[in-house]
Amino acid sequence: MAGRFVPRTTAVPRQEPGTGAGTGTGTGPTDGPPRTRTWTPPGPLDLRLVLSPLRRGPADPAYRALPDGSFWRATRTPAGPGTLRVSASSGGSVSAAAWGPGAQWLLDGLPALLGAGDTPEDFRPRHRLLALTQRSRPGLRLLRTGLVMESLIPSILEQKVTTDEAYRAWRLLLRTYGTPAPGPADVTFGTYGLYVMPDARTWSLIPSWEWHRAGVDAKRSATILRAVRVARRMEEAAAMELPEATARLQLIPGIGPWTAAETLQRSNGAADAVTVGDLHLPGIVGHALADNRNADDEEMLALLAPYEGQRHRATRLIMLSGRTPARRAPRMTPRNIARL
């Protein structure tokens, strides 16, 4: 869609700042003072590396990285919508401010979000490339949001389409049906402010033509609708071990190993949730570890076998190493089913 985006009023109108559910801090208006917290991580911490998996494209309505080194995130917590701002402080500590009903929940979960429960010291590189990359990226830790639907829905949108198509759908749906983020986001970001994703009921009421307008086919929209009907059961997976959490997510028709892994890497900080079924990852891993850009899933898993328990971390390090095969074909042309 070219030009400036203007949200439309549809069958499920989006909330305006200061009105309806999803606003307020629980103790006062959304434009009041934030709750704050300072936390010192147990070791080196690179906020950009840690938080970047939450970003769904350069114009993600729920995530911003600013030139001043601050990172903003709008999300829907069990306590309600919340906005979180984090930045590095002197002495290696992290400063955080939060607004909205979910503010305290976000601050309580700050250490987990920034990888406090991660164990990078357990990773033992068997390849020189991984050893060098690990040494050059000491601040990499695997985040844990504790929120499943926040990562599950955009992962479903990314099934079997280009990233540009998925990011466009996420932007349109959040800006049309999401809740404007509590706090000073409108002042900070202007027209393209931060948005909290819709709640389960709002997702379930989005008309079929609006999914079509966002470029989401019937298969993906039906999978999302099945998931939001059992959103509470899906959220329970955040407290499960990886095998049980994977099985819980895959009870939903349309959610397979790829979607489950992409979700649990973020919601659970799952260091071993390797993404199987990806179009590019096997070739990238094969090229990096065995000079075989034509590797398939089976070969990729064999190459990653020495890192069992840390296979997702191994793939993150490979992606950060820059050792990826040169492109041999044009990029896939994004589709736009909204024009059909």
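**Helices that cross, strands that pair**

Tutor: In this predicted model, helix α4 (residues 128–136) packs against helix α16 (residues 311–321) at an angle of about 80 degrees, and their axes are 9 Å apart.

Student: What makes α4 roughly perpendicular to α16?

Tutor: Check the angle: it is about 80 degrees. Anything from 65 to 115 counts as roughly perpendicular, so α4 is roughly perpendicular to α16.

Student: Which residues in α4 and α16 meet?

Tutor: From α4 you have Leu129, Leu130, Thr133 and Gln134, and they meet Ala314, Leu317, Ile318, Leu320 and Ser321 in α16. Sorted by class, that contact has six nonpolar, three polar and no charged residues.

Student: On to the strands. Why is strand β4 (residues 80–88) called largely enclosed by the rest of the structure?

Tutor: Buried means under 20% relative accessible area. Seven of the nine residues of β4 are buried, so the strand counts as largely enclosed.

Student: How do you know that β4 pairs with β3 and with β5?

Tutor: Count bridges; pairing takes at least two. Strand β3 (residues 71–77) is joined to β4 by seven bridges, and the two run antiparallel. With strand β5 (residues 94–99), β4 has six bridges, again antiparallel. Take Thr83 in β4: it is the bridge partner of Ala74, and in β5 its bridge partner is Trp99.

Student: And what joins β3 to β4?

Tutor: A hairpin, through two residues. β4 and β5 form a hairpin too, with five residues between them, and Gly91 in that turn has a positive phi of about 80 degrees.

Notes:
Residues are numbered from 1 along each chain as its sequence is written. This is a predicted model: local features need pLDDT of at least 70, side-chain atom pairs count only at pLDDT 80 or more; totals for chains, interfaces and linings use all residues. Side-chain values use heavy atoms; hydrogens and water are left out. Axes are lines fitted to C-alpha atoms, for helices over the stretch in contact, and angles run from 0 to 180 degrees between N-to-C directions. Helices (H or I, at least four residues) and strands (E, at least two) are DSSP runs, numbered from the N terminus. Angles under 35 degrees count as roughly parallel, over 145 as roughly antiparallel, 65 to 115 as roughly perpendicular and the rest as oblique. Contact means heavy atoms within 4.5 Å. Ala, Val, Leu, Ile, Met, Phe, Trp, Tyr, Cys and Pro count as nonpolar, Asp, Glu, Lys and Arg as charged, and the others, Gly among them, as polar. Buried means under 20% relative accessible area, exposed over 50%, partly exposed in between (1.4 Å probe, protein chains only).
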